[in-house]
Amino acid sequence: MEIAVAILFVCVALGFIFVRLTSARKAAEQLRGEPEAEAPAPATQARLPERRERLGTRVRALLSRDAGEGAWRALHDVLLKADVGPAAASELVDRVRARWSGDADAEALLREEMAAILGPDSRLSLPDEGLGVIMVVGVNGSGKTTTIGKLARRLVGEGHTVSLAGADTFRAAAGEQLEVWAVRSGAHLVSQERGADPGAVVFDAVRSAVARGSDVLIVDTAGRLHTKIPLMDELRKIGRVVEKAGASIAETLLVLDATTGQNGIAQARAFTEAVEVSGIVLTKLDGTGKGGVVLAVREELGVPVRLVGTGEGLDDLQPFRAALFADRILAS
């Protein structure tokens, strides 16, 4: 009995100590106060992106009434930063300088000369009868397959019967990606398993397109090969296969990413040395790409721009308009 009383006494004592400790801890917390949440930095302290003047504004500021040699050199540098390229930048400076007067609108002069270098607007050249083959080339990641899907959609909307040839048999998931675009655009797809001979795919696609009554065949090509066969040799081979199958290439379009800058010139030069590039499709103009590289390609290689990609939507592939494009560069 005495043991039970002792145990009960100990339990009561422990409970009393626990209550006192808990009360003391709460009191300490109240005195210390809860740690204050860090106040958000005032809006004026937030790190804001650096504001940059549009190209046209900078040009006007450079070419004052007393524009000297320094101003013209600065204009050349500004154009280089817009990805225009050394040769095209020099040509533009010379053209504007030849027309310059103290009361001239520098931005308007530059816009006109840009449009003049870009040349007249031109449409895709497709035959009135028979099958017109469009071969699309470009490095991986440039938006080549997406461009093919949008182009197919555009041509179908104009009343054409379109077939697609999945000749990029080296890139993983290239066939699946093109199949999705074929369904979305209403085109017919001819493809084979991954690793198949691209030439065989193109030959079958030409024959299939003729049999189905298609008037346009768009050929997707590899942007990089994982074999010992050089890419450019493979592209030349596809051109020969098209002729062997009884058709001819109406257009060879080079897809360039507007964000690549001056790397686009090297790409364009490599492809134009391998195949007869008839036009350029400039992609990703909905982002930060300035697109000035097109002026460099046009000036150095003489290849016109046919189409521009301005977004991810099916209809975001538009005909190129030189004057509007010059406005875009000046607004960058």
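Begin by selecting H5 and H12: H5 passes H12 in a right-handed crossing. A crossing is right-handed if the near helix is turned clockwise from the far one by less than a right angle, and left-handed if anticlockwise. Helices (DSSP runs of H or I, at least four residues) and strands (runs of E, at least two) are numbered from the N terminus.

The model is predicted: local features need pLDDT of at least 70, side-chain atom pairs count only at pLDDT 80 or more, and totals for chains, interfaces and linings use all residues. Residues are numbered from 1 along each chain as its sequence is written, and side-chain values use heavy atoms, with hydrogens and water left out.

**First stop: the two partners of H5**

Two packed helices are described by the angle between their axes and the distance between the axes. Here the axes are lines fitted to C-alpha atoms, for helices over the stretch in contact, and angles run from 0 to 180 degrees between N-to-C directions.

Select residues 106-118 for H5 and residues 322-331 for H12; the angle between them is about 130 degrees, and their axes are 9 Å apart. H5 and H12 are therefore oblique to each other; angles under 35 degrees count as roughly parallel, over 145 as roughly antiparallel, 65 to 115 as roughly perpendicular and the rest as oblique. On the H5 side, display Glu107, Leu110, Arg111, Met114, Ala115 and Leu118; these make the contact with Ala322, Ala323, Phe325, Ala326, Asp327, Ile329 and Leu330 of H12. Contact means heavy atoms within 4.5 Å. Coloured by class, the contact of H5 with H12 has ten nonpolar, no polar and three charged residues. In this scheme Ala, Val, Leu, Ile, Met, Phe, Trp, Tyr, Cys and Pro count as nonpolar, Asp, Glu, Lys and Arg as charged, and the others, Gly among them, as polar.

Met114, Ile117 and Leu118 of H5 meet Val294, Leu295, Arg298 and Glu299 of H11. The contact of H5 with H11 comprises five nonpolar, no polar and two charged residues.

Within H11, centre the view on Ala296. Ala296 counts as buried because its relative accessibility is 0%; buried means under 20% relative accessible area, exposed over 50%, and partly exposed in between (1.4 Å probe, protein chains only). Not counting residues up to four places away in sequence, Ala296 touches Val84, Gly85, Ala88, Gln262, Ile265 and Leu301. One of these, Gln262, is 34 residues from Ala296 along the chain, and the two C-alpha atoms are separated by 8.3 Å.

Next, select Asp83, in the loop between helix H3 (69-81) and helix H4 (86-99). Its phi is near 70 degrees, a positive value in a residue other than glycine. Asp83 also counts as buried, at 15% relative accessibility.

Now show the strands. Eight of them form an open sheet of mixed pairing, in the order E3-E2-E4-E1-E5-E6-E7-E8. Strand E3 (188-190) and strand E8 (317-319) are at the edges with a single partner strand each, so one side of each is left without a neighbour in the sheet. From one strand to the next, the twist averages 25 degrees. Helix H8 (residues 198-212) packs on the sheet, where it touches E2, E3 and strand E4 (216-220), and its direction makes about 150 degrees with that of E3.

Two strands pair if DSSP finds at least two bridges between them. E2 (residues 162-166) pairs with E3 in the parallel sense over three bridges, and Leu164 has Leu189 of E3 as its bridge partner.

Move on to strand E5 (residues 249-257), which holds Thr252. Thr252 counts as buried at 5% relative accessibility. Leaving aside neighbours within four places in sequence, Thr252 is in contact with Met135, Val137, Val275, Glu276, Val277, Ser278 and Gly279.

E5 pairs in the parallel sense with E6 over five bridges, and Leu256 has Leu282 of E6 as its bridge partner. In E6 (residues 279-283), five of the five residues are buried: Gly279, Val281 and Thr283 on one side, Ile280 and Leu282 on the other.

**Last stop: the whole chain**

Zoom out to the protein chain, which comprises twelve helices and eight strands. Of its 332 residues, 42% are buried. Among contacts between residues at least 6 apart in sequence, 76% join residues at least 24 apart.
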